[in-house]
Amino acid sequence: MSKSIDQRSVDAIRILSADAIQKANSGHPGLPLGAAPAAYTLWAKVMNHNPKDPKWENRDRFILSGGHGSMLLYSLLHLFGYGLTREDLMNFRQLGSLTPGHPEYRHTTGVEATTGPLGAGMAMAVGMAMAEKHLASVFNTAEHPVVDHYTYVLGGDGCMMEGISYEAFSLAGTLGLSKLIVLYDSNDISIEGGTNIAFRESVQKRFEAFGFQTLRVEDGNDTAAILAAIQEAKADTTRPSMIEIKTKIGAGCPAKEGKASAHGEPLGVENVAALRENLGWEDSTPFMVPQDIYDHYTAVAEENARKEEAWNALFAAWRSANPDKAALWDTYHDEDYAEKLYEDEGFWRITEKAEATRNVSGQLINYMKERIPNFFGGAADLAPSTKTYMKDLGDFSKETPEGSNLHFGVRELAMAAIGNGIRLHGGLRPFVSTFFVFSDYVKPMARLSALMQVPLTYVLTHDSIGVGEDGPTHEPIEQLAMFRAMPNFYAFRPADAMETAAAWYFATTSKTTPTALVLSRQNLPQLEGSSKEALKGAYILEDSAKDTPDAIIIATGSEVQLAVEARKALLTEGVDVRVVSMPCMDLFNDQPAEYREKVLPSSVTRRVSVEALTTFGWERYVGLTGKSIGMTGFGASAPGSVIFEHFGITTDAVIAAVKEQL
């Protein structure tokens with residue numbers, strides 16, 4: 001009996017995936033073979049998406065959380081006409097190709113998020129669904145639901161084992177994200193064998209506890225049952241849904257089906273041939289798909305294009321009927337809008353009193369939210385301490401989706417991934433926040449921010465041993481060095497209000513770089529020489545009267561005041577030094593060589609750095625003969641002033657270090 005066009009279209013995904021992985025002699029065929037029916041059903045029968053306009057605002061979002069199964073996604077993008085050619089599939093996992101080993105956002109058209117670390121895609125999907133829910137509450141009217149789309153995420157047992165999925169889905173259920181639908185590729189296999197060696201819980205019961213609607217499809221090849229389950233999921237308007245689809249890893253390959261060996265290695269030439277025979281795929285030529293299958297995919301894509309045309313008409317009618325909302329929409333989607341802050345005198349105001357930079361940041365957030373209406377953010381249960389609550393904007397919740405303050409609960413890892421998802425969705429400027437020491441829980445997803453070039457803002461307070469009494473578990477030491485080591489990530493440690501404003505300006509205007517604001521708990525004085533020059537990463541705060549300074553002191557954050565006090569004391573002894581404030585190393589490194597030489601002339605080798613964190617990395621600026629004052633171990637529990645004295649991070653220590661250089 002001949003197969004239907006739907007069945008043959010599913011088989012095309014399997015064949016292309018197997019061929020590409022075999023040609024590369026590298027990859028993961030198990031997921032694409034097992035999940036092909038579910039993915040095809042979703043993309044061809046349910047999802048609103050238009051290959052001719054991959055950035056259509058109201059498209060449904062799809063994330064492949066099990067990013068190792070990337071050939072599933074690449075096959076779909078190729079067959080639907082997103083621009084991936086047969087040659088692109090043939091270059092799978094090769095240098096410079098559009099089909100890297102794991103999907104990469106910005107690199108391949110149609111990829112909504114970079115995935116690879118299991119579970120990350122699950123949490124980013126939660127962020128996208130949160131963004132949709134909030135934007136719908138802001139812009140929709142009864143007559144014109146212009147924000148009305150779903151977020152679908154597909155992942156397997158590994159994604160469900162990762163702690164990030166627990167964190168994210170617990171929040172998703174609490175928030176009632178009814179337009180989030182999770183497709184669980186449940187095949188009971190992991191790399192080491194059957195999942196029962198380490199994973200025996202009922203995933204369905206766990207999701208029920210989270211507040212999800214849970215559905216189950218017993219046969220992952222039954223596209224009719226899969227379609228019915230997705231439709232049932234969409235019918236629930238109060239809860240997110242999880243559909244457990246029982247599949248067989250490596251489905252269709254007689255020697256590999258249901259076996260762990262199907263996960264992460266090519267099937268082998270003979271097994272690819274056996275797959276073809278078992279599926280009834282007549283053409284033995286690799287990467288060859290019959291024209292009628294391409295025609296079928298094209299017809300589906302054209303139908304979806306008509307859906308966008310209908311939405312465009314709805315959107316035009318909405319704009320005409322709601323000019324105020326339309327103007328607000330334009331502001332939300334204007335990536336350059338925040339640049340107006342540069343000429344805003346109120347934003348750059350300088351207070352006279354000493355103030356913690358976390359407090360200054362809180363004031364700036366509440367100033368900016370009046371001028372940048374699409375601010376959307378919060379903290380991992382620490383907003384009162386990180387000063388990230390936006391007054392009068394309400395809380396985002398199941399009952400009040402129009403609120404702009406996010407309550408992530410104690411979920412730092414998921415928080416960062418959710419922030420990525422919100423920014424990836426578009427239309428909002430999210431920020432996330434926790435104590436700096438807990439950035440260890442944040443870093444894996446901050447790394448994805450940097451890799452995806454997603455300009456998410458991280459507000460990280462309690463920035464040094466100045467935390468004091470809470471002791472070494474809460475005193476960050478090595479965390480700033482870790483962020484500085486990350487490509488395409490900018491970490492600011494401002495010394496006062498002006499530098500804090502510069503950090504926020506950079507963060508809100510960045511197009512491709514995530515930013516961390518590393519802020520103090522203790523009060524810091526306002527520095528006379530601080531200025532917008534902080535936007536260059538480092539600048540001369542106080543200069544020597546000599547053409548060539550006797551020495552240079554470089555400092556960040558709370559230690560800049562120590563450098564200033566040391567300079568005053570040294571002047572009384574006839575030693576004239578330059579003080580350089582360096583709020584952001586990476587930004588300074590981006591400046592032209594002439595500017596860097598002006599600030600840190602190579603002729604001045606007598607240099608001292610001071611920072612109440614690890615000294616690691618400072619040798620780049622002080623050289624082999626310079627001196628770095630900082631931490632070489634963990635902190636201790638005592639009042640902050642006592643801690644600084646105990647570890648020798650004092651004005652006297654800076655003076656002694658300069659004299660040692662002389």
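How are helix 2 and helix 9 oriented to each other: oblique, roughly parallel or roughly perpendicular? The model that answers this is predicted.

## Helix 2 against helix 9

Helix 2 and helix 9 (residues 223-235) pack at an angle of about 60°. Angles of 65 to 115 degrees count as roughly perpendicular, and those under 35 as roughly parallel. Helix 2 and helix 9 are therefore oblique to each other. Their axes lie 9 Å apart. The crossing of helix 2 and helix 9 is right-handed.

On the helix 2 side, the contact is made by P37, A38, T41, L42, K45 and V46. Helix 9 brings T223, I226, L227, I230 and K234. By class, this contact has 7 nonpolar, 2 polar and 2 charged residues.

## Largest pocket

The largest pocket holds about 350 Å³ of space. Its lining counts 18 residues. Nearest its centre lie Y105, E335, R423, L424 and G426. Helix 15 (residues 412-425) gives the largest share of this lining, with 3 residues.

Charged residues number 8 in the lining of the largest pocket. The rest of that lining divides into 5 nonpolar and 5 polar residues.

## Second largest pocket

A volume of about 300 Å³ belongs to the second largest pocket. Closest to its centre, among 18 lining residues, are H68, L118, G158, I189 and H263. The lining of the second largest pocket has 9 polar, 7 nonpolar and 2 charged residues.

Three elements each supply at least two residues of this lining: helix 2 (30-46), helix 6 (157-161) and strand 4 (189-190). The largest share, 4 residues, comes from helix 6.

## Cavities

The count comes to 5 cavities of 30 Å³ or more. The largest cavity has about 80 Å³ of space. Its lining is F375, R423, R429, P430, F431, P455, T457, W504, A507, T508 and S510. By class, the lining of the largest cavity has 6 nonpolar, 3 polar and 2 charged residues. R423 lines the largest cavity and also lies among the residues nearest the centre of the largest pocket.

The second largest cavity has about 60 Å³ of space. It is lined by 13 residues. E57, L135, V147, W329 and H425 lie nearest its centre. This lining divides into 6 nonpolar, 5 polar and 2 charged residues.

Notes
Residues are numbered from 1 along each chain as its sequence is written. This is a predicted model: local features need pLDDT of at least 70, side-chain atom pairs count only at pLDDT 80 or more; totals for chains, interfaces and linings use all residues. Side-chain values use heavy atoms; hydrogens and water are left out. On a 1 Å grid over the protein atoms alone, a cavity is a set of points where a 1.4 Å probe fits but cannot get out, and a pocket is an open set with protein on both sides within 12 Å along at least five of seven lines; lining residues have an atom within 4 Å of a point. Grid points are joined across faces, edges and corners, and a volume is the space filled by probe spheres set on the points. Ala, Val, Leu, Ile, Met, Phe, Trp, Tyr, Cys and Pro count as nonpolar, Asp, Glu, Lys and Arg as charged, and the others, Gly among them, as polar. Axes are lines fitted to C-alpha atoms, for helices over the stretch in contact, and angles run from 0 to 180 degrees between N-to-C directions. Angles under 35 degrees count as roughly parallel, over 145 as roughly antiparallel, 65 to 115 as roughly perpendicular and the rest as oblique. A crossing is left-handed if the near helix is turned anticlockwise from the far one by less than a right angle, and right-handed if clockwise. Contact means heavy atoms within 4.5 Å.
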